[in-house]
Amino acid sequence: MTATHMRDVTRQHTVVDSPYGPLTLVATDGVLAGLYMTDQRHRPPEETFGDPDPHPFAEAIRQLDAYFARELREFDLPLHLDGTPFQRSVWAQLQLIPYGETRSYGELAEFLGKPGASRAVGLANGKNPVGIIVPCHRVIGASGSLTGYGGGLDRKQRLLAFENGTQDDTPALF
């Protein structure tokens, strides 16, 4: 790589409590780039999260708190989403799924103009680096079944129940 293509990237992270266990927020150059749950599949190694610093996350934390208090249904945060063009197109579609609603992997593939790509959509969905805010939990199987979720099927079920108002507010331990 030539010097003109190299630049320093600043990464920071913080950990916040949630009803779904601790959430690790990661920023790249001050912009939210990751929201990871404990024991999450595809969670990057801790050493890639950068220095602990809550400063870049004030607005993300405010919006997450409002979401968990049922006062916010749609996040409005700048995001730094690293992925392939296809992954980023899937993640953009995820952000269009309304609060409390679900879509199937096949429906997302149709929306993307790739009707045979439901498996690829599922793989991209699983690699979503900013769970909850980019609502990959709102994607279900064609039969309505709860299929894979990087944060675990129990969390997916609880998030969906939370959003549709059927969850009791008894905290689960993670």
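This is a predicted model: local features need pLDDT of at least 70, side-chain atom pairs count only at pLDDT 80 or more; totals for chains, interfaces and linings use all residues.
Which residues of helix α4 (residues 118–126) are buried? They are V121, A124 and N125, where buried means under 20% relative accessible area, exposed means over 50%, and partly exposed lies in between (1.4 Å probe, protein chains only).

Residues are numbered from 1 along each chain as its sequence is written, and side-chain values use heavy atoms, with hydrogens and water left out.

## The overall picture

The protein has 5 helices and 6 strands; helices (H or I, at least four residues) and strands (E, at least two) are DSSP runs, numbered from the N terminus. Along the sequence they follow the pattern β-β-β-β-α-α-β-α-α-β-α. Of the 174 residues in the protein, 43% are buried. The protein exposes about 9,400 Å², and carbon and sulfur atoms supply 53% of that area; accessible areas come from the Shrake-Rupley method with a 1.4 Å probe, and for residues only the protein chains shown count as cover. A contact means heavy atoms within 4.5 Å. Among contacts between residues at least 6 apart in sequence, 58% join residues at least 24 apart.

## The sheet

An open sheet is formed by 4 strands in the order β3-β2-β1-β4, with mixed pairing; two strands pair if DSSP finds at least two bridges between them. The edge strands are β3 and β4 (51–52), each pairing on one side only. Strands β1 and β2 pair in the antiparallel sense over 6 bridges, and R11 has T28 in β2 as its bridge partner. Strands β2 and β3 also run antiparallel, joined by 6 bridges, and V26 has G34 in β3 as its bridge partner. These two strands, β2 and β3, form a hairpin with 2 residues between them, and D29 in the turn has a positive phi of about 50 degrees. Although β3 is an edge strand, 6 of its 7 residues are buried.

In strand β1 (residues 11–16) we find H13. Not counting residues up to four places away in sequence, H13 touches T24, L25, V26, F49, G50, D51, P52, D53 and F57. H13 and E46 are 33 residues apart in sequence and 9.6 Å apart in space, C-alpha to C-alpha.

## The core and its rings

The largest nonpolar core has 38 residues, and Y67, L94 and I132 touch the most other members. Such a core is a set of buried Ala, Val, Leu, Ile, Met, Phe, Trp, Tyr and Cys residues joined through side-chain atoms within 4.5 Å. At least two residues of this core come from each of β2 (23–28), β3 (31–37), α1 (58–68), α2, α3, α4 and α5 (153–163). The largest share, 5 residues, is supplied by α1.

Leaving out residues up to four places away in sequence, Y67 touches L72, F75, Y99, I132, H137, L159, F162 and E163. The whole structure holds 7 aromatic pairs; rings of Phe, Tyr and Trp (its six-membered ring) pair if their centres lie within 6.5 Å, and planes under 30 degrees apart count as stacked, over 60 as edge-to-face and the rest as tilted. Y67 and F75 form a tilted pair, 5.2 Å centre to centre with 40 degrees between the planes. Ring pairs link Y20, Y67, F68, F75, Y99 and F162 into a cluster.

| Residue | Relative accessibility |
|---|---|
| H13 | 15% |
| Y67 | 0% |
| F75 | 16% |
| N125 | 5% |

## Back to helix α4

The buried residues of α4 are V121, A124 and N125. Seen down the axis of α4, these buried residues fall within an arc of 100 degrees, so they line one face of the helix; the arc is that of the directions from the helix axis to the C-beta atoms. The face turned away from the buried side of α4 carries the exposed residues R119 and L123.

What do the buried residues of α4 pack against? They pack against α2 (85–94), α3 (105–111) and β6 (139–140). Apart from its neighbours within four places in sequence, N125 is in contact with V90, W91, L94, Y105, C136 and V139.
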